[in-house]
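Let's take a friendly walk through one protein model, one piece at a time. Keep the picture open beside you as you read.

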Amino acid sequence: MNGVTDLFHAAWGFTPDAVFSAPGRVNLLGEHVDYSGGTVMPLALPQRTFVAVSPRTDGVYQAVSAQAEGVQRATLAEVAPGATATGWFSYVVGVPWAMAHEGLIDEDAAAHLGLDVAVDSTVPLGAGLSSSAALECAIALAVDHAASATDPTRALLAATSEGRRRLAAACVRAENEIAGASTGGMDQSIALQAREGSVLSIDCRDFSVAPVDIDVAGAGLALLVIDTNAPHRLVDGQYAQRRAACEDARSTLGVTTLRDAFDGAPTSERLTHLLADWERGAQDPSRNTSPAQAARITPLLRHAWSEMVRVQQCQDLFDDRSTVPRDGTRWSRLGRLLNDSHLSLRDDYRVSCPELDVAVSAAQKAGALGARMTGGGFGGSAIALVHGDDVSVVAEAVAEAFEARHLTAPAFLVAAPSGPARRET
């Protein structure tokens, strides 16, 4: 944290008013279902993005980053979808823009509110560990604090769960409309509402949250994160194409979200019926979707619905009321869910890449109970559920597999559930 205050002082010549931080995240299960109303099971990482800030009264946002060169500067009036803000700075200015448009900042106050900002991060960039959402959420807390500091009647949104939910929604809007990434709301929700030591279950229909007792360390296991160092990009159209296809399917089915097609808890039996009904409907000329379009959408639907079933099975597995014994069987079943998720993401959703497949395969062969890609895909990171004593063994096996295929060497970290975005000083 000292690094970001030093950077701020070097850039602006005075001491920052406050420092805020937000965590990166890794998703245990529930990939590419957040924008389809599914439930996701992420955990916040100890690695965080820090922002040192001081308020301005001229509506100017100017920022420097330890991870980028130069000074970025814009007024809120200059921020709009398709405007000139790009790269990491679009996340900085997109958040106050979205907060203003969501009514979280008074319109008159928003015109004058600005920030001097310095950014530093320990969240690996481009690794699919949500460095962008960490930056957004840290900025959201900073703007929230600055807005309340200038208006004593304004309640601090970060002080309540509902307020944090609203901040997360604004961050999602910033990422979608200003940064141009068609992401769902999982990353922002976990960054703002994480609970220390717990995996969080997030129902993406209403973004309600609940902790899930998945004590990996207590079972003598570890969740190894493998950063493949294959660049992770969500703004090249691939992510958006899949999201649009899921939206087409939702519209054709006439449901509010794809999750609602289950009409109850997702089960394997209901999944079989849903897919059969979809394939029969592909032959119906009254549908807006042509048979060829339906055929392209079918594997995407199969992934989305089957992933929702896997999440439900995981929740049942770790539900205290479950009849499943709390022994190795529970963890081996979780491992199989991770393995099945990766196969589905690789073969049906088609968002994996050679580096991710090598990481998963090598980890499995080295003794991992289960492994899968995590995050948006097309690069980024994988996770492996391993015995605590085998962390170095599995990591070495993955590194050797990369070297044998002449791939860029991967990096590793062990995920331990951390706390949410917060004020540091």
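In this predicted model, the buried residues of helix α6 pack against a whole set of neighbours: strands β1 (18-29) and β2 (39-56), helices α4 (131-150) and α5, and strands β6 and β7. How many residues of α6 are buried? The count is 8 of the 8, so this helix is largely enclosed by the rest of the structure. The buried residues of α6 are Met186, Asp187, Gln188, Ser189, Ile190, Ala191, Leu192 and Gln193. Here, a residue is called buried when its relative accessible area is under 20%.

Let's look at one of those neighbours, helix α5. The axes of α5 (residues 161-178) and α6 (residues 186-193) come within 9 Å and cross at roughly 145°. The crossing of α5 past α6 is right-handed. On the α5 side, the contact is made by Ser161, Arg164, Arg165, Leu167, Ala168, Cys171, Val172 and Glu175, while α6 brings in Gln188, Ser189, Leu192 and Gln193.

Two other neighbours of α6 are the strands β6 and β7. These two strands form a hairpin, with 4 residues between them. Within the turn, phenylalanine 207 has a positive phi of about 60°. Which residue of β7 is the bridge partner of isoleucine 202? That partner is valine 209.

Now for another part of the model, an open sheet. Its 4 strands come in the order β9-β10-β8-β11, and their pairing is antiparallel. Strands in a sheet pair through backbone hydrogen bonds. At the edges sit β9 (370-374) and β11 (411-415), each pairing on one side only. On average, neighbouring strands of this sheet are turned by 25° against each other, direction ignored.

Helix α12 (residues 391-404) packs on this sheet and touches β8, β10 (380-387) and β11. The direction of α12 makes about 20° with that of β8.

| Strand pair | Sense | Bridges |
|---|---|---|
| β6 (residues 199-203) and β7 (residues 208-212) | antiparallel | 5 bridges |
| β8 (residues 221-230) and β11 | antiparallel | 5 bridges |

To find the second pair in your picture, look for leucine 223, which stands opposite alanine 415 in β11.

How values were computed
Residues are numbered from 1 along each chain as its sequence is written. This is a predicted model: local features need pLDDT of at least 70, side-chain atom pairs count only at pLDDT 80 or more; totals for chains, interfaces and linings use all residues. Side-chain values use heavy atoms; hydrogens and water are left out. Two strands pair if DSSP finds at least two bridges between them. Axes are lines fitted to C-alpha atoms, for helices over the stretch in contact, and angles run from 0 to 180 degrees between N-to-C directions. A crossing is left-handed if the near helix is turned anticlockwise from the far one by less than a right angle, and right-handed if clockwise. Contact means heavy atoms within 4.5 Å. Buried means under 20% relative accessible area, exposed over 50%, partly exposed in between (1.4 Å probe, protein chains only).
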